[in-house]
Amino acid sequence: MYRAGESGKFLRRRLVGGASVALAATLAFLSVGILFLIVGHVIVNGVASLNADFFTKIPKPYGEAGGGIANAIMGTVIMTLLAAVIAIPFGVGTAIYIIEFGRGRFASAVRFAVELLAELPSIVVGVFIWALVVRNFGGYSGIAGSLALSVIMIPIIARSVEEILRLVPDSLREAALALGTPKWKVVIFIVIPTVLPSIFTGIMLAVARAAGETAPLLLTALGNSFFNFDLRKPMAAMPLQIYTYAVSPYDDWHNKAWASTLVLIAIVGILSGAVKFYTRRWKHESH
Amino acid sequence: MSRITKLWQGASKAADPSDRRFAAFVAAMSAVVILLVIGFVVLLTIDSMPSIRKFGFGFLTGSVWNPVETELNHVNFGTLPFIFGTIVTSIIALVIATPLALGSAIFVSEYAPSWLGGPVSFIIELLVAIPSVAYGIWGLFVLVPFMRGSVEPFLQTVLRHVPILGSLVAGPPMGQDLLTGGVILSIMILPTILSLSREIIAQVPRLQKEGMLALGATKWEVLSQAILPYARGGIIGAAMLGLARAIGETMAVTMVIGNSSRKISASLFTPGYTIASAIANQFTEADSAMYFSAIVELGLVLLLVASVFNVTSRLLVSRLVARKEGADV
């Protein structure tokens, strides 16, 4: 039997509890709503300007209709791939060192450096390459852009590969070691092949991230309105093209900026969405 | 770290030469990461030396940014307006994003059934994958007109006669201003704070929660008296990581913050600069050695400030996670 005062208190507690659930749910759906709002706007505004020319032609000067962003797509592909080629050995090597050998002061320093690099504002990476390469060696270039992107990719690859190597059971290493296998053979022929698909997805995540970077490219690759396959010259990239079009005063260019954003988000989103889904499932199964 | 792992990591010491060579090789690869960090600090410091020598602390406290020498105005690089812009936008971002992220984190990890919580946090974390420039274009063409047309006039009518808050909303609503910069940043750091908070809330010992539930506590009481006190340090750490990201974020802010006014004013409706957007806007104009040096020094300031927040955040978060690991043994 409740007295009146107690049941009132009980009711109030229930109400506060219910209100907190409602509040948290509202905040969560507001956050989800933001994503749909942004992606929705990009799709609605971008889809109208997509056509075959958009993917195959280079930008036309203002006033002429048509044209596309083929050079920017090309530039992004070239610079991102080159950056990946530069970054993969360092990123994977660092992860192997941390997991398979990491003891003592040097290892803690490596871990700390990876953390610092990973959270470095990307424009600072741009300033670094700008001061190091652009100001000293022949100005803005595709190679400077690639270097900037590779600096961004190294800590991302190192972190994700580190996490993946951590999931390899120790019993596997011990079993191989017990058979008299040298440690380097254990790492290269046993540990790495076991998780090769996940390492690949980790690298794709870094590629996706680098493909969307704008600020570091602005200070290094600068952008270009024409096809350019010469890495020593300024190079176009999709994020740079979006920026240039978006801040221009022309409506036609604004539409192209939306369309380019749609293409970029589609590439980056599919890449990283698939990776996230895949690794999540993988982690889940291995636990 | 388990005993086996320690044995395994040390195994190369006793092993044959090929193992030592392999160890040396991967150590060399990882040394590059350390060299990069040292290189960043050293190169940026060397290149900003001319500016540091000439302006000293005036670089941080002066408010006149005048890169071109004229008869009346001498060249001067004072970055206080940029620093002010960075602080204001980051605070706005934090004030908006932290409750949203924390509420969402609590919802997905405590309140929502798992079939709902999983997808919801997956979707919110996808916000990380959206490139900065995409936020920029959305901010420029959707958020800016909305802020100018609806949000800012509304804030003005509500707050105009409130003593201190009134000065925050003075002047004509511009759309491209500090407030919009802060709002776009808040969206961008939301997933960072969310995923870290979620991880921290997951560290709260189950026993504490179940103990309270067994005593008849409501979910809110469990949350406010068991979960939040335990997770407080970590959640502050999560917010600080968000802050570090907000400080360094460039493109989206550059596109919505206005980049025109260099004066410091109390109104959030003033167009401004952040340190990052100042770099992005001005590096092409750096024709003189001093101008170049000043922009590199801006980069150095950004590097140091973002790293300090990042390291502090890691300390706060890792202390909590370490405590949990200790409790398991």
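Some conventions come at the start. Residues are numbered from 1 along each chain as its sequence is written, and chains are lettered from A and ligands numbered from 1 in the order in which they are written. Because the model is predicted, local features need pLDDT of at least 70 and side-chain atom pairs count only at pLDDT 80 or more, while totals for chains, interfaces and linings use all residues.

I begin with chain B. Its secondary structure consists of 13 helices and 2 strands; helices are DSSP runs of H or I with at least four residues, strands are runs of E with at least two, and both are numbered from the N terminus. The C-alpha trace of chain B spans about 70 × 65 × 30 Å along its principal axes. Of its 329 residues, 49% count as buried. A residue is buried if 20 or more other C-beta atoms lie within 10 Å of its own, exposed if 12 or fewer, and partly exposed in between, with C-beta atoms placed from the backbone. Among contacts in chain B with a separation of 6 or more, 75% join residues 24 or more positions apart. Two residues are in contact if their C-beta atoms, placed from the backbone, lie within 7 Å.

Chain B is divided into domain 1 (3-55) and domain 2 (81-328), with bounds from an automatic or database domain assignment. The centres of these two domains of chain B, taken over C-alpha atoms, are separated by 32 Å. Between them, 9 residues of domain 1 of chain B are in contact with 9 residues of domain 2 of chain B. The domain 1 side of that contact in chain B has 4 nonpolar, 3 polar and 2 charged residues. Here Ala, Val, Leu, Ile, Met, Phe, Trp, Tyr, Cys and Pro count as nonpolar, Asp, Glu, Lys and Arg as charged, and the others, Gly among them, as polar.

I turn to the contact between the chains. Chain A gives 80 residues and chain B gives 75 residues. On the side of chain A that touches chain B, helix H1 (residues 4-47) of chain A gives the most, with 19 residues. That side of chain A divides into 54 nonpolar, 15 polar and 11 charged residues.

The largest nonpolar core has 189 residues, and those with the most contacts inside it include Val127(A), Met153(A), Val33(B) and Ile184(B). A nonpolar core is a set of buried Ala, Val, Leu, Ile, Met, Phe, Trp, Tyr and Cys residues joined through C-beta atoms within 7 Å. Met153(A) itself touches Ala83(A), Ala84(A), Ala87(A), Gly91(A), Ala206(A) and Ala210(A), leaving out residues up to four places away in sequence.

Helix H5 (residues 122-134) of chain A is mostly covered, with 11 of its 13 residues buried. Among them are Val127(A) and Gly126(A). Why does Gly126(A) count as buried? It does so because Gly126(A) has 31 C-beta neighbours inside 10 Å. Beyond four places in sequence, the contacts of Gly126(A) include Ala148(A), Pro216(A) and Thr220(A). Gly126(A) and Thr220(A) are 94 residues apart in sequence, yet 6.5 Å apart in space, C-alpha to C-alpha.

Although not a glycine, Leu222(A) has a positive phi of about 70°. Leu222(A) is buried, with 22 other C-beta atoms within 10 Å.
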